[in-house]
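Subject: A structure for you to look at

Hi there,

I'm handing over the structure we talked about, with some notes on what turned up in it.

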Amino acid sequence: MSVAVLRRALLLGLLGLLLTDGVFAQAQPGGPQGAVRNRYCFNDKEAEAEAEVRAGLALRETLRRCAKIDPNGQEFLDSWYKFDQENGEQLRGAVTLRSTAIKRLYPKRTQQEQWDNDASIATRAAPEVDAGVCKAAYDVVDRIKTDGWPGFKYYAKLQQSLLVTEIPICR
């Protein structure tokens, strides 16, 4: 892997971390109040779905910001929207699986609402973008345009590697 690719992956990973910081603030090893004991973890499919949801939100929000500062940014945002429409079934499936996992983890409705609010706030509180962040996001969109859903899954897998520090995988 080239240094440029590693640099972009690191930039995207850091961006994802910044965008989602606080979403799982309640996720401590003992589990938050209201979590189901001994089930405070995602299975592999749930973790994959959570990563896909986060990756999509983070990419969309970054592209929206890039479209405001870069004349070429709207083209990449439009490409994301096209991908979103073409792969809506898979993305909705990830959202549904994530929602089911959250309901299992937080059986009290108020906790689930808080989780959803935290996720929404985390994506809106994205850091400022610059040419480097936009270039990294554009590279992801180019990969998605070339590879389709598998290209997006590759990007989401990078996000998934960050999740294990926030919420464990069930073993």
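To begin, how many disulfides does the structure hold? There is one, and please keep in mind that this is a predicted model. The disulfide joins C66 to C134, with an S to S distance of 2.1 Å. C66 sits in helix α2 and C134 in helix α6, so the bond ties together parts that are 68 residues apart in sequence.

In soluble globular proteins, nonpolar side chains tend to be buried together. Here the largest nonpolar core has 21 residues, and the members that touch the most others are L59, L63, W80, I144 and F152. Which helices each supply at least two residues of this core? They are α2 (44-69), α3 (73-86), α6 (131-147) and α7 (149-163). The largest share, seven residues, comes from α6.

Leaving aside residues up to four places away in sequence, L63 touches F76, L77, W80, A137, Y138 and V141.

Happy exploring, and do send me any questions!

Best wishes

Definitions and conventions. Residues numbered from 1 in each chain as written. Predicted model: local features only at pLDDT ≥ 70, side-chain atom pairs only at ≥ 80, totals over all residues. Heavy atoms only, no water. Core = buried A, V, L, I, M, F, W, Y, C linked by side-chain atoms within 4.5 Å. Buried < 20%, exposed > 50% of the residue type's maximum accessible area, 1.4 Å probe, protein only. Helix = DSSP H or I, 4+ residues; strand = E, 2+ residues; numbered from the N terminus. Contact = heavy atoms within 4.5 Å. Disulfide = S-S within 2.5 Å.
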